[in-house]
Amino acid sequence: MNKPQRPHPLRMLLIGWLVLLPTLAAGDARDDAEVERLMTITQQGMALWNVPGMAVAVVTSDKVLMQQGFGHTQAGGGRAVNPHTLFANASTTKAMVVAGILMLADEDKLSLDDRIITHLPELHFADPMLTSQLTVRDLLAHRTGLPSTDFWTFFHNMPLTEQIGLLQHTPPEAGLRSRLIYQNTMFELAGLLIERLSGQRWDHFLTERLWQPIGMLETYGSRSQIPAGQVHVMPHYYLNQQVVVGEFDLPADLADAAGSAWTSIHDMSLWAQFLLRGGVTETFDRLISEERFGEMFEPHQLASPADFYPTTELTQPHWRSYGLGWFQQDFQGRKIDFHTGSLGGLIALIGLDRDNDRAMVVLGNRDHAEMRHALLWEVMDTTADGQRRDWNQQVFDLYARRDAAEEKKWQDLRQQQLKNTRPSLPAEAYAGRYRSVRNGELVVERNGRKLNLNTALVALQLEHWHLDTWLVEFEPWGLRSFATFRIGPDGRVTELEVYGDTFERLKSENP
């Protein structure tokens with residue numbers, strides 16, 4: 001039975017822009033108080049972080065304590081968010097892909113300790129040892145030692161077949177199984193593995209074997225699969241003190257196992273309950289064996305603070321690790337499994353306290369609205385009400401300090417900038433096509449006296465810094481880097497150094 005909520009003063013204050021559509025199960029007084037508190041914190045967080053729309057759920061294995069929409073699908077209008085409004089799963093998709101792999105393991109179609117080359121023989125790495133030793137488990141635990149290759153997806157929209165070719169030229173950043181380095185291409189490979197062993201694309205497999213059996217009928221592998229008339233949110237950024245609608249940074253028809261799924265808070269509540277029940281549906285059908293399910297939550301790779309979430313500064317864990325599709329840490333003597341999801345203008349988070357039979361989910365439509373962490377730790381916190389810290393404000397202040405520290409670094413760098421210098425050559429001399437064996441092709445174009453740096457998906461303006469170095473800035477992502485052109489002894493541009501790589505100018509562009 002739905003239980004109406006008592007009016008709250010802050011809720012009444014925000015009624016002009018915030019629409020609440022509650023779905024609450026009857027609970028004890030403590031549950032009711034916690035839900036009321038979480039609603040208030042959500043509203044405060046949305047105001048702090050300028051989030052247009054959000055959906056939040058708190059569940060146990062057999063009860064929905066809270067399942068609620070806040071705000072709107074689009075700033076300045078749109079539709080009111082409700083439990084069936086669709087949001088991006090982003091990287092919370094990864095645990096679902098892991099579930100699919102575990103199902104195949106239950107069918108003896110693979111072992112987590114199989115060498116990945118056994119199933120994907122076209123896969124080769126710069127390090128031959130990595131080619132021969134990398135296992136399925138290594139892919140799912142982000143312990144390959146390979147650096148991030150997100151440039152391929154988010155700048156180039158590079159198909160997986162092309163990414164596989166470039167992996168041969170990507171040197172590892174750490175030894176195998178020595179460090180947690182988040183690696184999205186490896187989960188794309190996990191999706192390919194599902195396809196090879198099941199004969200179905202990863203999202204079709206999950207639809208048939210996971211999502212539909214759980215009852216997740218509002219979950220889709222890509223944005224293009226969303227039926228006409230089904231309401232979904234738009235991505236937003238906070239730029240120049242304003243919330244603005246942004247572009248989707250994944251093509252609508254891209255089914256990317258690293259994080260392209262879309263879902264509702266209603267469906268994510270079902271997923272969270274399935275996980276709390278240990279891989280068993282509401283109708284008591286076991287989809288994943290108890291043994292395999294347990295492997296999902298076993299710590300597989302320890303993590304340093306630098307490779308984990310900044311919020312550990314507040315939670316002060318004794319250990320940090322990654323399971324299979326889950327970040328993990330201790331909190332108040334309990335193990336918490338959780339995972340965020342981030343795409344341009346869209347965020348998600350799911351957290352599990354399996355010892356206390358409680359889970360929470362956050363979905364939102366503003367880029368990196370880190371209030372999601374405040375909601376996670378608010379739900380997981382068992383401190384008495386009068387002694388509980390203000391997670392909302394403390395998380396906001398933490399990220400504000402980090403932003404300020406980053407801005408100070410850039411201001412200090414500005415002080416070291418050489419003043420009143422000019423490029424060595426006229427603007428048109430830098431224009432042309434540049435290619436790297438690791439990261440594909442870039443195009444530099446003249447734009448009046450300025451230059452643009454273009455990838456397949458993104459156009460970046462270059463601001464002259466000094467000499468032959470330009471500042472590369474992409475405001476929506478808060479991305480700032482430098483591009484430096486190298487000039488050969490003949491006075492012609494030969495190379496471009498940017499994003500930690502060297503791009504050689506194509507000879508046809510530099511006769």
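The model is predicted: local features need pLDDT of at least 70 and side-chain atom pairs count only at pLDDT 80 or more, while totals for chains, interfaces and linings use all residues. Residues are numbered from 1 along each chain as its sequence is written, and side-chain values use heavy atoms, with hydrogens and water left out.

**Helix contacts**

Helices (H or I, at least four residues) and strands (E, at least two) are DSSP runs, numbered from the N terminus. Axes are lines fitted to C-alpha atoms, for helices over the stretch in contact, and angles run from 0 to 180 degrees between N-to-C directions.

The axes of α3 (residues 93-106) and α10 (residues 202-214) cross at roughly 75 degrees and come within 10 Å. That makes α3 roughly perpendicular to α10 (65 to 115 degrees). In contact terms (heavy atoms within 4.5 Å), T93, M96, V97, A99, G100, M103 and L104 of α3 meet W202, F205, L206, R209, L210 and W211 of α10. This contact holds 10 nonpolar residues, two polar and one charged. Here Ala, Val, Leu, Ile, Met, Phe, Trp, Tyr, Cys and Pro count as nonpolar, Asp, Glu, Lys and Arg as charged, and the others, Gly among them, as polar.

For α14 (residues 371-380) and α15 (residues 391-416), the axes come within 8 Å and cross at roughly 145 degrees. M371, H373, A374, W377 and E378 in α14 meet W391, N392, V395 and Y399 in α15. Six nonpolar, two polar and one charged residue make up the contact of α14 with α15.

**Aromatic pairs**

Rings of Phe, Tyr and Trp (its six-membered ring) pair if their centres lie within 6.5 Å; planes under 30 degrees apart count as stacked, over 60 as edge-to-face and the rest as tilted. By this rule the count comes to 26 aromatic pairs. Two of them are listed here.

| Pair | Centre to centre | Angle between planes | Class |
|---|---|---|---|
| F151 and Y499 | 5.5 Å | 50 degrees | tilted |
| Y182 and F327 | 6.0 Å | 15 degrees | stacked |

F151 lies in helix α7 (residues 150-154) and Y499 in the loop between β21 (493-498) and β22 (501-505), 348 residues apart. F151 is buried at 13% relative accessibility (buried means under 20% relative accessible area, exposed over 50%, partly exposed in between, with a 1.4 Å probe and protein chains only). Y499, at 22%, is partly exposed.

Y182 sits in the loop between α8 (160-166) and α9 (184-198), and F327 in strand β11 (residues 327-331), 145 residues apart. Y182 is partly exposed at 26%, whereas F327 is buried at 6%. Y182 and F327 belong to one aromatic cluster that also includes W377 and W391.

How values were computed
Angles under 35 degrees count as roughly parallel, over 145 as roughly antiparallel, 65 to 115 as roughly perpendicular and the rest as oblique.
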